[in-house]
Each structure stands twice: as structure tokens, then as C-alpha cells.
Amino acid sequence: MDVIEPRTPGRTRHPGERRLSTLHQAAGIYQRLHTVYGARHWWPADTPFEVMLGAILTQNAAWTNVEKALTNLKAADALTPRAILDIPLAGLARLIRPSGYFNQKAARLKRIAGFVIEHGGIEALRALPVEVLRPRLLAINGVGPETADSILLYALNKPVFVIDAYTRRIFSRLGHVKGDETYEELRDLFERSLPARDTALYNEYHALIVEHAKQHCRVKPVCRSCPVSPDCGYP
Ligand code: SF4
């Protein structure tokens with residue numbers, strides 16, 4: 001995965017072509033981030049279901065607080081879909097309290113656990129095409145596009161590019177997107193600009209974006225030692 005060949009020739013032009021061709025440089029940015037930060041080995045979890053739990057717990061929460069909630073779940077032996085369904089709602093909310101919005105999130109965890117069980121488990125879910133899975137995930141109350149795509153990519157190994165606030169921040173500062181595009185517009189741009197259906201690349205790229213946002217492209221950016229500063233027009 002060290003060398004990416006961007007998609008190009010023979011493609012039909014369409015509205016947004018200018019931004020897309022700029023975003024085409026996404027491949028080069030990936031190479032530099034990968035060189036500097038190295039492989040990130042995401043997502044930090046022991047099982048695909050733990051990834052699903054983490055994807056919900058991290059909504060509006062710092063990962064350090066998600067880790068505390070996951071540690072509590074682990075101590076309660078509650079990292080399986082069956083266990084999440086069996087714990088009373090109030091008890092589950094208590095366990096995940098460190099992640100914030102714990103009452104809402106407890107209900108969401110129960111819904112995602114029910115979703116896994118209804119479909120016959122993780123392997124049965126993985127056997128379904130992304131075109132079937134994504135709408136079903138999005139139909140779960142409390143599962144938005146970022147959560148659904150994190151689950152698809154990191155728990156179910158589906159080729160979906162995850163967009164988050166860090167992606168908007170970095171690529172708008174670099175000048176490749178405006179930053180006010182819809183989630184689906186940005187996802188579409190990335191997926192059309194990178195090698196098609198490359199799960200490993202999408203996995204690594206999103207993880208590198210998160211790392212870059214933490215180390216350099218913070219709210220108050222640290223531009224001096226930034227590995228992509230030669231291409232950045234910010235401020
Ligand atoms: S040069 Fe600064 S603003 Fe641009 S990507 Fe790097 S850290 Fe972010």
C-alpha cells in the first residue's frame with residue numbers, strides 16, 4: 001500500500017471536476033502522511049463488535065473517555081451483542097457514563113447489538129454487500145453516516161471512505177475542498193479520487209488523517225513542522 005496510482009484516464013467529466021482533480025492529489029498527501037506517521041493499525045479494538053461499540057461511544061466524545069467506557073464494559077464482561085442486550089438499560093448507561101450522553105448511547109448500543117444478532121452475527125453481516133448494509137445501518141436510530149461508515153470500514157471490512165471533522169478541517173485548509181460540502185459529497189469525492197474499493201487504503205488513510213489532525217493540523221495548527229505544508233495555502 002506504499003504507492004497509490006490515482007484514478008484518471010478515460011473518466012467522464014462532470015460537475016465538480018475542478019475540485020475533484022485537485023483532490024486527486026489526495027494520493028500524494030497520503031504518501032507523505034504515511035511516510036511521516038507510519039501505519040496506524042486501526043481500529044484500536046480486539047473484536048469487530050468492540051469496533052461497533054467504540055464507533056457509537058466516540059460520538060461527541062474524546063477517545064480517552066471512550067476507553068474508560070470500554071474498560072467498564074470489559075470488566076462487566078459485556079463486549080458481546082448478547083451481553084449488551086441482557087444488561088438492563090440503566091446498568092448499561094452507568095457503565096458507559098464516561099463517554100457522555102450515556103442514556104442515549106446505551107439505547108444505541110442495544111440497537112446495534114440487536115442489529116448484529118438479527119442478522120446472524122458479524123460474519124453474516126460481512127457477507128452482505130455494502131449497498132445493502134449501509135442503508136440498514138443508517139436506518140438505526142442514532143447511527144449517522146460517520147458512525148455507519150466507521151462500522152462498515154473498520155468492523156466489517158467494507159470499502160467505504162470515512163469522513164469526519166478532521167477530514168474537513170485538513171482538506172479545506174489544504175484548499176482541496178470548501179469544507180461545507182455534505183458528508184456524501186465528500187465521501188464521493190474521496191472514493192472517486194482514490195483507487196476503487198481499496199479497503200486497506202481507506203482504512204489507513206482515515207487513520208492517518210486523524211493522526212495528522214492531532215499532531216499538526218489542530219484547531220490551532222502547528223504548521224512549522226507539518227509534512228504537507230509545501231502544498232498548504234493556510235491561512
Ligand atoms: S500547513 Fe498547517 S494548516 Fe496546513 S495542513 Fe499542515 S498543519 Fe494544517
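Visitor: OK, and what is the mean pLDDT?
Guide: The mean is 90, and 90% of the residues reach 70 or more. pLDDT is the predictor's confidence in each residue, from 0 to 100.

Visitor: Where does pLDDT stay under 50?
Guide: Over residues 1–18, for which the model has 16 contacts beyond four places in sequence. A contact means that the C-beta atoms of two residues, placed from the backbone, lie within 7 Å. Where pLDDT is low, the predicted coordinates should not be read in detail.

Visitor: How many helices and strands are there?
Guide: There are 13 helices and zero strands. Both are DSSP runs numbered from the N terminus: helices are H or I with at least four residues, strands are E with at least two. Of the protein's 235 residues, 34% count as buried.

Visitor: Back to H4, then. Which of its residues are buried?
Guide: Val66, Ala69, Leu70 and Leu73. They sit on the same side of H4 because they cover an arc of only 100° around the axis. That arc is taken from the directions from the helix axis to the C-beta atoms.

Visitor: Why do residues three or four places apart point the same way?
Guide: An α-helix has 3.6 residues a turn, so residues at that spacing point the same way.

Visitor: What covers the buried residues of H4?
Guide: The cover includes helix H3 (48–57) and helix H6 (89–95). Just after H4, Asp77 takes a positive phi of about 55°.

Visitor: And H12, which residues are buried there?
Guide: In H12 (residues 183–193) they are Leu186, Leu189, Phe190 and Ser193. They line one face of the helix, since seen down the axis of H12 they fall within an arc of 90°.

Visitor: New topic: which residues come nearest to the ligand?
Guide: Cys217, Cys223, Cys226, Cys232 and Tyr234, out of 13 residues around the ligand. To be near, a residue needs its C-beta atom, placed from the backbone, within 6 Å of the molecule or strand in question.

Visitor: Which peptide bond is cis, with omega near -5°?
Guide: The one from Trp42 to Trp43. Trp43 belongs to the loop between helix H2 (26–37) and H3. His41 is found in that loop between H2 and H3 too, and phi of His41 is near 55°, a positive value in a residue other than glycine.

Visitor: Is His41 buried or exposed?
Guide: His41 is exposed, because it has 9 other C-beta atoms within 10 Å.

Visitor: Last one: what is Leu138 in contact with, leaving aside neighbours within four places in sequence?
Guide: Val143, Pro145 and Ala148. Leu138 and Ala148 are ten residues apart in sequence and 6.3 Å apart in space, C-alpha to C-alpha. Leu138 itself is in helix H9 (residues 130–138).

Technical notes:
Residues are numbered from 1 along each chain as its sequence is written. This is a predicted model: local features need pLDDT of at least 70, side-chain atom pairs count only at pLDDT 80 or more; totals for chains, interfaces and linings use all residues. A residue is buried if 20 or more other C-beta atoms lie within 10 Å of its own, exposed if 12 or fewer, and partly exposed in between; C-beta atoms are placed from the backbone.
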